Amino acid sequence: MSNDDCIFCQIVNGDVPSRTVFEDDTAMAFLDANPLAPGHTLVVPKRHYETLEAVPEDTAAHVFGALHRLNTAVQHAVDADGANVAFNDGPAAGQEVPHVHGHVIPRFEGDGGNPVHAVAGERPNLSDDELDEIAETIHSQRD
Ligand code: AMP
Ligand code: ZN
């Protein structure tokens, strides 16, 4: 499944150039064109899915396996001290390209960046009862 209007589908199809660092039948990884750090890499399923929820579990596991290996390769390649590995899942979370992609963003001691805790807005003040209810609801909705 491919979407002609999607920039990442165009990269997967070879219609738009990329600095590809990994490719197999299911997944592909390439350097981010507008990197937040040297080595900033994107990992995508080759098929077009807009959000993580839409990705079949076997494909998600495959993409995560690639992400796991690339996280190591990227950090070694640029001699990073760590990395933030994240998906912006949906426009509300800042996703701009509507084709699922995981970011590997190398981090360096003293680089002035922030932890993933900085991505959300104001912290909610949740009671123990509210936390219990959220946990129970998530538990009942898994699968
Ligand atoms: P997101 O906000 O999670 O949707 O991130 C989209 C990312 O895709 C951004 O970091 C962009 O710099 C990157 N990007 C957009 N177009 C291209 C492209 N043609 N090749 C590589 N990366 C791209
Ligand atoms: Zn696409």
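User: Why does Phe30 count as buried?

Analyst: In this predicted model, Phe30 has a relative accessibility of 2%. Buried means under 20% relative accessible area, so Phe30 counts as buried.

User: What makes Phe8 buried or exposed?

Analyst: The relative accessible area of Phe8 is 6%. The cut-off for buried is under 20%, and Phe8 is therefore buried.

User: How many aromatic pairs are there, and why is the pair of Phe8 and Phe30 called edge-to-face?

Analyst: The count comes to 1 aromatic pair. The ring centres of Phe8 and Phe30 are 5.2 Å apart, and rings pair if their centres lie within 6.5 Å. Their planes stand at 70°; because planes over 60 degrees apart count as edge-to-face, the pair is edge-to-face.

User: Which parts of the chain does the pair link?

Analyst: The pair links distant parts of the chain. Phe8 belongs to helix α1 (residues 7-12) and Phe30 to strand β2 (residues 27-31), 22 residues apart.

User: Where is Gly110 placed, and why is Gly110 called exposed?

Analyst: Gly110 sits in the loop between β5 (102-107) and α3 (128-141). Its relative accessible area is 81%. Exposed means over 50%, so Gly110 is exposed. From C-alpha to C-alpha, Gly110 and Ile7 are 33 Å apart in space, and they are 103 residues apart in sequence.

User: How do you know that Ile138 is exposed, and which residues make the nonpolar surface patch?

Analyst: Ile138, in helix α3, has a relative accessible area of 56%. As the cut-off for exposed is over 50%, Ile138 is exposed. Leu126, Leu131, Ile134 and Ile138 make a nonpolar surface patch of about 350 Å².

Conventions:
Residues are numbered from 1 along each chain as its sequence is written. Chains are lettered from A and ligands numbered from 1 in the order in which they are written. This is a predicted model: local features need pLDDT of at least 70, side-chain atom pairs count only at pLDDT 80 or more; totals for chains, interfaces and linings use all residues. Side-chain values use heavy atoms; hydrogens and water are left out. Rings of Phe, Tyr and Trp (its six-membered ring) pair if their centres lie within 6.5 Å; planes under 30 degrees apart count as stacked, over 60 as edge-to-face and the rest as tilted. Helices (H or I, at least four residues) and strands (E, at least two) are DSSP runs, numbered from the N terminus. Buried means under 20% relative accessible area, exposed over 50%, partly exposed in between (1.4 Å probe, protein chains only). Patches are made of residues with over 30% relative accessible area and no salt bridge: like charges are joined within 9 Å, nonpolar side chains (Val, Leu, Ile, Met, Phe, Trp, Tyr) within 5 Å. Accessible areas come from the Shrake-Rupley method with a 1.4 Å probe; for residues, only the protein chains shown count as cover. A salt bridge is a side-chain nitrogen of Lys or Arg within 4 Å of a carboxyl oxygen of Asp or Glu.
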